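Here are a few exercises to work through with the viewer open. Try each task before you read its solution.

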Amino acid sequence: ASRVVVASRNYADFASEATFEIKKCDLHRLEEGPSTTAVMTREEGLHYYKTMQTIRRMELKSDQLYKQKIIRGFCHLYDGQEACCVGLEVAIKPTDHVITAYRVHGFTYARGVPVREILAELTGRKGGCARGKGGSMHMYTKNFYGGNGIVGAQVPLGAGIALACKYFGKNEICLTLYGDGAANQGQIFETYNMAALWKLPCVFICENNRYGMGTSVERAAASTDYYKRGDFIPGLRVDGMDVLCVREAAKFAAEYCRAGKGPILMELQTYRYHGHSMSDPGISYRTREEIQEVRSKSDPITLLKDRMVNNNLASIEELKEIDVAVRKEIEEAAQFATTDPEPPLEELGNHIYCNEPPFEVRGPNQWIRYKSVS
């Protein structure tokens, strides 16, 4: 009891909020951009820290489970890019919409899916968020249209979601994400055109982590100014390693769309610590020294931690307690993900159509047929 009293007294000594200078965004076709100062409350800071730390630990656990051959198939990890999904999520409303590519685990968690359901999906268990049928690239929840495996294909889908937002008049927006590797896809430019013509409330977001698979942006793109790629669409280039920069830029972009001005483009300059996927060691096209330099100078979690401690928003001991709690949560989720049963074969035909009468689906054995259920 005495320890609790001491802790509560110490916590009362913390500042309730602090103001930070953040990096100015580069602008395209905009006279004014996001604010270069950001106010963060202690409560917000603790939430951002715990969320980013959870995503980081979840991805490291996924790496471990993959190497143990418990997770199979494609697996694209998000560690290093946590400030992007967290900064975006806290800047929009739960009723807004998000669609992204296949590096999806961080967004799935930020949109509200528990760690145990994400890890169980990765291990192909029935307790997964897609009942074990989607795996690493195909996770969904309310107002989140998942990871999509075909490079760039989610961008026109995102414009379609934004069209529905405008059609139903609910003042909602859609964040449509893709990577620098997808940025040269023709369908993206076709989508820019339609979105601008119809003034769709769509925020196009290029997560530029500097490498499309094993190819650097300089070798893949004649112009690496991805925020200008919309041409007639206004754009922002943002420090994607700073959760406050991402948050302020996303707030600005969301307000722009809600005002009926049409689409806007954001480029988040970020970095992935792992290779493109688990089959890529990530050091044949970049050096270990490069990765270590980013980790030491620009890590999003370290940056937030230093800000909070240096501005009396939290103590090192308090953040260590969060770290311990996160590790415990991840271990318990991994235990669930490795012991939960796999979905039975009878479910093979489930979740194909909605509101349709049951139909027969041929199973792995062509002479056995299963009845679908809605």
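Predicted model: local features only at pLDDT ≥ 70, side-chain atom pairs only at ≥ 80, totals over all residues.

**Exercise 1. Work out which residues of helix H11 are buried, and what they pack against.**

Solution. Start with the range: H11 covers residues 300-310. Next, apply the cut-off, where buried means under 20% relative accessible area. That picks out Pro300, Ile301, Leu304, Arg307 and Met308. Now look down the axis: these residues cover an arc of only 130°, so they sit on the same side of H11. Last, list the neighbours of the buried residues. Among them are two strands, E1 (17-21) and E3 (37-41). The helices are H2 (42-67), H3 (82-89), H9 (243-258) and H10 (288-298).

**Exercise 2. Find what caps the N-terminal end of H11, and which residue with a positive phi follows the helix.**

Solution. Begin at the N-terminal end, where aspartate 299 does the capping. One of its side-chain oxygens lies 3.1 Å from the backbone nitrogen of isoleucine 301. Isoleucine 301 is also one of the buried residues of H11. Then go past the helix to asparagine 312, whose phi is positive, near 60°.

**Exercise 3. Classify the pair formed by tyrosine 167 and phenylalanine 168, and decide whether each residue is buried or exposed.**

Solution. The structure holds five aromatic pairs, and this is one of them. The ring centres are 5.2 Å apart and the planes make an angle of 90°. Planes over 60 degrees apart count as edge-to-face, and that's the label for this pair. For accessibility, the cut-off for exposed is over 50%. Tyrosine 167 has 68%, so it counts as exposed. Phenylalanine 168 is exposed as well, at 58%. One more thing to spot here: lysine 170 lies over the face of phenylalanine 168, 5.9 Å from the ring centre.

**Exercise 4. Identify which arginine lies over the face of phenylalanine 336, and give its distance.**

Solution. Look above the ring of phenylalanine 336 and you'll find arginine 116, at 3.7 Å from the ring centre.

Note on methods:
Residues numbered from 1 in each chain as written. Heavy atoms only, no water. Buried < 20%, exposed > 50% of the residue type's maximum accessible area, 1.4 Å probe, protein only. Helix = DSSP H or I, 4+ residues; strand = E, 2+ residues; numbered from the N terminus. Arc of directions from axis to C-beta. Contact = heavy atoms within 4.5 Å. Polar contact = N/O pair within 3.5 Å; in protein donor to acceptor, adjacent residues only side chain to side chain. Phe/Tyr/Trp six-rings, centres within 6.5 Å; stacked < 30°, edge-to-face > 60°. Lys NZ or Arg CZ within 6 Å of the ring centre and 35° of its normal.
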